[in-house]
Amino acid sequence: MQVLVLLLVCLVVLTLLFLVAEQLYVIVRCMWLRAAPFVPVNARSIPHIVAEIALTQDDLVYDLGCGDGRILRALHTKEPRARYVGVEWDWLPYVLAKFRTRNIARQSLTLKRKNFYTENLTGATCLVLYLFPQVLNQLLPKFRAELAPGTRIFSVDFQFADLTPTRTVDLPPIVGSINKRLYEYRL
Ligand SMILES: C[S@@+](CC[C@H](N)C(=O)[O-])C[C@H]1O[C@@H](n2cnc3c(N)ncnc32)[C@H](O)[C@@H]1O
């Protein structure tokens, strides 16, 4: 019995150590690659963001760095006939996203655990992004190469250096929220 308890304790400690080490690795990797870490959009800002993104059944929407999938889920609730793809490389938010979107059919919403730089975006009609400006700027040549002219890009809080927004929406001030603005671009 004592051996069993000891084994269980070891297992729990090892799991915790693994989780901490993995998250430290993600943070160091994000700092090294200057990538955006998992900081989700404030839940209370989401209805205001979603209200600004008009979608139809013909849309294919990508959230690059979809985190725990909260924006995709809210967009799907608003327009269930559109198709959605979330790309996320960090396993923890990816698992959370899988859980959050478990009731949505796979034909409507796909989650991919991968680096979004390696995702072919051909066919996407709308992107939703909450990423650091340097990441947006690094992605822009890829967007120009793979996306059709007229594709809409929505960016929360951060702007591209070489693209002028077609619309800027001030999000309602919410206590505790750092989400201040939504920028809409057209390629
Ligand atoms: C600021 S969070 C935004 C999360 C979510 N879009 C939201 O609005 O709540 C940025 C996310 O992008 C992910 N990410 C950063 N670089 C990535 C990359 N190259 N490929 C896939 N995911 C990436 C991070 O792991 C993180 O979850």
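Mentor: Around the ligand there are 23 residues, of which F38, P40, G65, G67 and W89 come nearest; a residue is taken as near a molecule if its C-beta atom, placed from the backbone, lies within 6 Å of it. This is a predicted model, in which local features need pLDDT of at least 70 and side-chain atom pairs count only at pLDDT 80 or more, while totals for chains, interfaces and linings use all residues. Residues are numbered from 1 along each chain as its sequence is written.

The shell around the ligand consists of 16 nonpolar, 3 polar and 4 charged residues. Here Ala, Val, Leu, Ile, Met, Phe, Trp, Tyr, Cys and Pro count as nonpolar, Asp, Glu, Lys and Arg as charged, and the others, Gly among them, as polar.

As for the whole, the chain has 5 helices and 7 strands, arranged along the sequence as α-α-β-α-β-α-β-β-α-β-β-β. These elements are DSSP runs numbered from the N terminus (helices: H or I, at least four residues; strands: E, at least two). The C-alpha trace spans about 65 × 35 × 35 Å along its principal axes. An automatic or database assignment gives domain 1 (1-33) and domain 2 (46-186), whose centres, taken over C-alpha atoms, are 31 Å apart.

Of the 187 residues, 29% count as buried, that is, with 20 or more other C-beta atoms within 10 Å of their own, against 12 or fewer for exposed residues and values in between for partly exposed ones. Beyond its neighbours within four places in sequence, V61 is in contact (C-beta atoms, placed from the backbone, within 7 Å) with L55, L75, A82, Y84, C126 and V128.

Helix α4 (residues 91-100) has P93, Y94 and A97 as its buried residues. They lie on the same side of α4 because they cover an arc of only 105 degrees around the axis, the arc being that of the directions from the helix axis to the C-beta atoms. Their cover includes β2 (83-87) and β3 (109-112).

Definitions and conventions. Two residues are in contact if their C-beta atoms, placed from the backbone, lie within 7 Å.
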